[in-house]
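The report below takes the ligand and the pockets in turn.

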Amino acid sequence: MSGIDMWEMTATLGEQLRAAARREPPEVPAASTALVCGMGGSGISGDFASVLAEVHGRRVAVHKGYGLPRWAREERPQVVAVSYSGNTEETLEAAREAATAGLDVVAVTSGGELAELAAESGWPCLQVPGGLQPRAALGHLLGAVLAAGEAAGWLPSQRQALSEAADLVDSLHAQGSTGRALATDLADALDGRIVVVYGSVGLTAPVAQRWKTQINENAKWPAWWSLLPELDHNEIVGWSSLAHLTRRVVGIVTLTDHADHPQVALRHRLTQRLTSGEVAWVGEVTSLGESELARMMSLVAVGDLVSLELAGRAGVDAAAVEVIERLKQLMRHETARKDQGET
Ligand code: F6R
């Protein structure tokens with residue numbers, strides 16, 4: 001998919017969220033809980049949905065691996081299999097195992113094997129538009145997962161929140177906006193540095209993960225993420241022995257939300273104070289908006305722009321993910337060879 005401009009794809013996030021606000025809920029069996037199965041840019045839609053479900057007192061688990069967690073056979077959640085391409089082997093295996101276990105499966109995809117499997121098996125299939133990189137289709141994928149949740153009853157309608165998020169993302173992405181200026185400033189600060197993103201359990205957790213993965217995939221740049229309060233019980237100690245290196249090459253971005261637990265807000269401040277001498281740069285970005293979804297998407301919008309700015313500075317094609325594609329090809333090749341050897 002190299003060659004498609006990632007700036008253009010990324011700029012459609014607002015439009016995607018707006019389209020999601022208009023999506024008709026599908027016909028699916030009722031369920032009080034869900035298990036979202038998916039990898040990478042698809043799977044993270046489950047992490048966002050899980051935070052929103054938790055706000056409404058519901059449990060949504062996310063499975064990023066082969067097969068099915070054992071508890072799912074007992075607890076019988078709605079299984080939402082999300083794969084943008086429809087060809088991700090982990091997600092296909094999870095969906096097949098869920099069906100074999102007699103669970104209700106909903107597919108979210110732009111096509112591929114997952115769409116075929118859904119048609120053959122009679123699973124509801126929430127189609128999303130094709131032609132994007134999976135990570136640039138977050139609005140479509142998340143919108144479909146939320147629609148499955150609304151239809152099954154494990155999440156109240158997010159339509160209003162999706163509209164608010166759409167407007168906010170558009171305003172942050174607009175040329176000459178404060179969002180653009182902030183992203184440029186952050187990229188200036190992070191240029192040439194390994195990025196560490198600190199969020200906290202709750203709203204900023206999937207966003208910290210999204211920042212990390214967007215910087216990895218778009219900028220081909222090392223980045224990691226961690227969460228408070230846990231990191232204050234281990235990771236914070238890890239900044240001293242190699243401080244002669246980390247003081248030159250590490251930048252920490254903290255993501256905050258006005259509804260962070262007051263002790264978490266205090267921890268963020270103290271953690272910044274205690275780490276600032278051990279790394280090259282520490283900075284903070286705070287969410288905007290009213291609804292939980294809009295607040296998360298406001299931070300996503302800025303992180304996406306930062307990753308594109310860094311891609312520009314690194315001189316790489318932000319859309320290309322050649323190593324992921326090569327690895328998938330090698331996996332197919334080696335698996336076919338193994339299967340042939342066994343027959
Ligand atoms: C590529 C990307 C990857 C994919 C992942 C799973 O843009 O973000 O993380 O999302 O390899 O593939 P799909 O999403 O097609 O199931």
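## Terms and model

Helices, which are runs of at least four residues, and strands, which are runs of at least two, are assigned by DSSP and numbered from the N terminus. The structure discussed here is a predicted model.

## The largest pocket

About 930 Å³ of space lies in the largest pocket, and of the 31 residues that line this pocket, Ser85, Asn87, Thr88, Ile324 and Lys328 are the closest to its centre. The largest share of the lining, seven residues, is supplied by α14, while the elements that each give at least two residues to it include α3, β3 (78-83) and α5 (89-100). By class, the lining of the largest pocket divides into 11 nonpolar, 10 polar and 10 charged residues.

## The ligand

The ligand sits in the largest pocket, and the elements that give two or more residues to the shell around it are α3 (40-55) and α14 (322-342). Of the 14 residues around the ligand, Ser42, Ser83, Thr88, Gln133 and Arg135 come nearest, and the shell is made up of four nonpolar, seven polar and three charged residues.

An oxygen atom of the ligand lies 2.6 Å from a side-chain N or O atom of serine 83, and a polar side-chain atom of glutamate 217 is 2.9 Å from an oxygen atom of the ligand. Taken alone, the ligand exposes 400 Å², of which the protein buries 93%.

## The second largest pocket

About 350 Å³ of space lies in the second largest pocket, and among the residues closest to its centre are Glu217 and Ile324. The largest share of its lining, six residues, comes from α10.

Note on methods: Residues numbered from 1 in each chain as written. Predicted model: local features only at pLDDT ≥ 70, side-chain atom pairs only at ≥ 80, totals over all residues. Heavy atoms only, no water. Near = heavy atom within 4 Å. Polar contact = N/O pair within 3.5 Å; in protein donor to acceptor, adjacent residues only side chain to side chain. Areas by Shrake-Rupley, 256 points an atom, 1.4 Å probe, with all protein chains shown as cover. 1 Å grid on protein atoms, 1.4 Å probe; cavity = no way out; pocket = protein on both sides within 12 Å on 5 of 7 lines; lining within 4 Å. Sits in = over half its atoms within 2 Å of the grid points. Nonpolar A, V, L, I, M, F, W, Y, C, P; charged D, E, K, R; others polar. Points joined across faces, edges and corners; volume = space filled by probe spheres on them.
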